[in-house]
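Hi,

Here is the structure I promised to pass on.

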Amino acid sequence: MKYVAQFSKVSFEEFYKAVKDAINEPTAYSIWGTIPLPVRATSGSAGYDFVAPFDITLRPGQEIKIPTGIRARIDESWVLKCYPRSGLGFKYRVSLANTVGIIDSDYYYSDNEGHIMIKLYNPIDGKQTIFIKKGEGFAQGIFSQYGITVDDHAVARRNGGFGSTSKSAK
C-alpha cells in the first residue's frame, strides 16, 4: 500500500460556520467533539467511511449538504473521490447531488480549511424518506491517482469549494 493522505478535523470555528443556521453553538460543539475520522471497515476495503455528524432526514426530492467536519491532506497527483455508501444507492437510489464528489489535493489549503461537504440527493421518485442516524456511515471516499497531459501548464491555486476551480482558472 502507498500512503497518500491524512484525515483530520476542521477547526470548531469552521464546522460551526457550516452548521450555524441549523444548530446552536453548544450543540455544534458537542457534535464536533464526537466526529470520528473516516476509516476503512476492513483491510480489503477501498473506501473510507464518512459518518453522519448528526441525525439526517432526507425526503423524496430533497437534497442536503452535510458538513462532515473532516478535511484531507492529499499528496499531489492524488484525488479523493466521494460516493454514497453503496447500501443507500442500491436500496434507496440515494446519490450525491454532483454524482461524484471530487476533493483535489489543493482543496486542503482553502479558506474553509478544506472542509469536506457531501451533498446527498433522494430522487423525487424515491418512495420513502431516508433516515440516517448520527454516527452511521453515509458516504465513502476512495483515493485515486491521476495523470496530466504533457502540455499542461496549470499554475492557479484554488480557494473555495463547489465550483472553485472554474473561478481560479480565470
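Keep in mind that this is a predicted model. I'd start with the aromatics: Phe 7, Tyr 48, Phe 50 and Phe 143 are linked into a cluster by ring pairs. Across the whole structure, the search turns up nine aromatic pairs. In one of them, Phe 12 and Tyr 16, the ring centres are 5.8 Å apart and the planes at 20 degrees, so this pair counts as stacked. These two sit four residues apart in helix 1, about one helical turn. Phe 12 is buried, at 10% relative accessible area, while Tyr 16 is partly exposed at 23%.

Then there's Tyr 108 with Tyr 109: centres 5.1 Å apart, planes at 85 degrees, so edge-to-face. Tyr 108 is buried (17%) and Tyr 109 exposed (56%). The ring of Tyr 108 also has the charged end of Arg 71 sitting over it, 3.7 Å from its centre. Likewise, Lys 9 places its charged end over the ring of Trp 32, 4.7 Å from the centre.

Back to helix 1 (residues 12-19): its buried residues are Phe 12, Glu 14, Phe 15 and Val 19. Viewed down the axis they fall within an arc of 165 degrees, so they line one face of the helix. Their cover includes helix 2 (25-32) and strand 4 (63-67). Glu 13 and Lys 17, on the other side, are exposed.

Last, the sheet: it is open, with four strands in the order 2-11-6-8 and antiparallel pairing. Strand 2 (48-51) and strand 8 (101-104) are the edges. Strand 6 (78-84) is joined to strand 8 by four bridges, and Leu 80 has Ile 103 as its bridge partner there.

Cheers

Conventions
Residues are numbered from 1 along each chain as its sequence is written. This is a predicted model: local features need pLDDT of at least 70, side-chain atom pairs count only at pLDDT 80 or more; totals for chains, interfaces and linings use all residues. Side-chain values use heavy atoms; hydrogens and water are left out. Buried means under 20% relative accessible area, exposed over 50%, partly exposed in between (1.4 Å probe, protein chains only). The arc is that of the directions from the helix axis to the C-beta atoms. Contact means heavy atoms within 4.5 Å. Two strands pair if DSSP finds at least two bridges between them. Rings of Phe, Tyr and Trp (its six-membered ring) pair if their centres lie within 6.5 Å; planes under 30 degrees apart count as stacked, over 60 as edge-to-face and the rest as tilted. A charge sits over a ring if NZ of Lys or CZ of Arg is within 6 Å of the ring centre and within 35 degrees of the ring normal.
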